[in-house]
Each structure stands twice: as structure tokens, then as C-alpha cells.
Amino acid sequence: MSKQNLKILDSHPIANIWPLLSDRELQDLVDDIQQNGLVHPVVLYEGKILDGRNRARACELAGVAIKTTKYRGDDPIGYAFSLNEKRRHLTTSQRAALAAEAKPMYEAEAKNKVKCEGGDCAEFA
């Protein structure tokens, strides 16, 4: 795990599927981080935030270093859905909209995996 300076990292397109916290919710998170520190590190994938955009924003506002860890796995989209599905109170229609937005990402990832398995790429991360 590493600590990033207070510069906000770019968000990965996968993370951008979900909305950011409201101003009030963000302030509650800032207050919590000021009192308790950052409990769960921000997860990076391909050098961008996969999970923790709100925590990173709150750390910046609280003046707290952003603790990060790298995603290690082979399904970053599934990972992000798993985490956010549990934390967010989404309606069925909101879940359907998120799934529709993620579909092209899954399709691109599948094409890349097939291409890489055929030996046409140097590395798949």
C-alpha cells in the first residue's frame, strides 16, 4: 500500500459508471476521515481510481494523504460492481442502467482477452 500526495488521481472509466456523493454526503465522509483517518484505501487499476473516488476527494478536502493499493485480479468490472452493489442503495432501474453502461466495457475486455490469448498482444493487465 502506498500513500499519494493530495493531488486527486484520475478516475478509471469503470469507476465513472457510478455517481459521486452529494455535497452533504461528501462532507460527512470528510468529517469521518478527519476523525478516523482513511480506513479503506483507494484501489487503483491502470494507474487510475477503480474504487474510492469519493474517499480520494474527501481525503483531499480533509488534508489527509490518500492511501492506495493496486487492484490485483482479472475482472476489474466485476470487482467494481461487487463493491458498489453492496454499498449503494440502487433501484432495479438504476441497476439496469448501470449494467447497460458497463456492457461495452465487458465486450471490449472480452475482445482484448481473446486477442491476448491468441498471442497478439504483449501484455494484458
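**A guided look**

Guide: The structure holds three aromatic pairs. This is a predicted model, where local features need pLDDT of at least 70 and side-chain atom pairs count only at pLDDT 80 or more, while totals for chains, interfaces and linings use all residues. Residues are numbered from 1 along each chain as its sequence is written, and side-chain values use heavy atoms, leaving out hydrogens and water.

Visitor: Why is the pair of W18 and F81 called edge-to-face?

Guide: Rings of Phe, Tyr and Trp (its six-membered ring) pair if their centres lie within 6.5 Å; planes under 30 degrees apart are stacked, over 60 edge-to-face, and the rest tilted. The ring centres of W18 and F81 are 4.8 Å apart and the planes stand at 70°, so this pair is edge-to-face.

Visitor: What makes W18 and F81 a tie between parts of the chain?

Guide: Helices (H or I, at least four residues) and strands (E, at least two) are DSSP runs, numbered from the N terminus. W18 sits in the loop between strand 1 (2-4) and helix 1 (23-36), and F81 in helix 3 (residues 76-87), so the pair ties together parts that are 63 residues apart in sequence.

Visitor: How do you know whether W18 is buried or exposed?

Guide: Buried means under 20% relative accessible area, exposed over 50%, and partly exposed in between (1.4 Å probe, protein chains only). W18 has a relative accessible area of 3%, so W18 is buried. F81 is at 17%, so F81 counts as buried too.

Visitor: What makes Y45 and Y71 a pair, and of which kind?

Guide: Their ring centres are 5.7 Å apart and their planes at 85°, so the pair is edge-to-face. Y45 lies in strand 2 (residues 42-45) and Y71 in the loop between strand 4 (66-70) and helix 3, so parts 26 residues apart in sequence are tied together. Y45, at 9% relative accessibility, counts as buried, and so does Y71, at 14%. Ring pairs also link Y45, Y71 and Y79 into a cluster.

Visitor: Why is H12 called buried?

Guide: Its relative accessibility is 7%, so H12 counts as buried. H12 lies in the loop between strand 1 and helix 1.

Visitor: What joins the side chains of H12 and E46?

Guide: A polar contact of 2.8 Å. The term covers a pair of N or O atoms within 3.5 Å; within protein, one must be able to donate a hydrogen and the other to accept it, and residues adjacent in sequence count only if both atoms are side-chain atoms.

Visitor: How do you know that strand 2 and strand 3 pair?

Guide: Two strands pair if DSSP finds at least two bridges between them. Three bridges join strand 2 to strand 3 (residues 48-51), and the two run antiparallel. K48 in strand 3 is the bridge partner of Y45. In their hairpin, with two residues between the strands, E46 takes a positive phi near 55°.

Visitor: What makes helix 2 mostly covered?

Guide: Seven of the ten residues in helix 2 (residues 53-62) are buried, among them R53, N54 and A58.

Visitor: Which residues touch the most other members of the largest nonpolar core?

Guide: I33, V42 and I49, out of 13 residues. A nonpolar core is a set of buried Ala, Val, Leu, Ile, Met, Phe, Trp, Tyr and Cys residues joined through side-chain atoms within 4.5 Å. Helix 2 gives the most to this core, with four residues. A second, separate core of ten residues includes I17, V43, I77 and A80.
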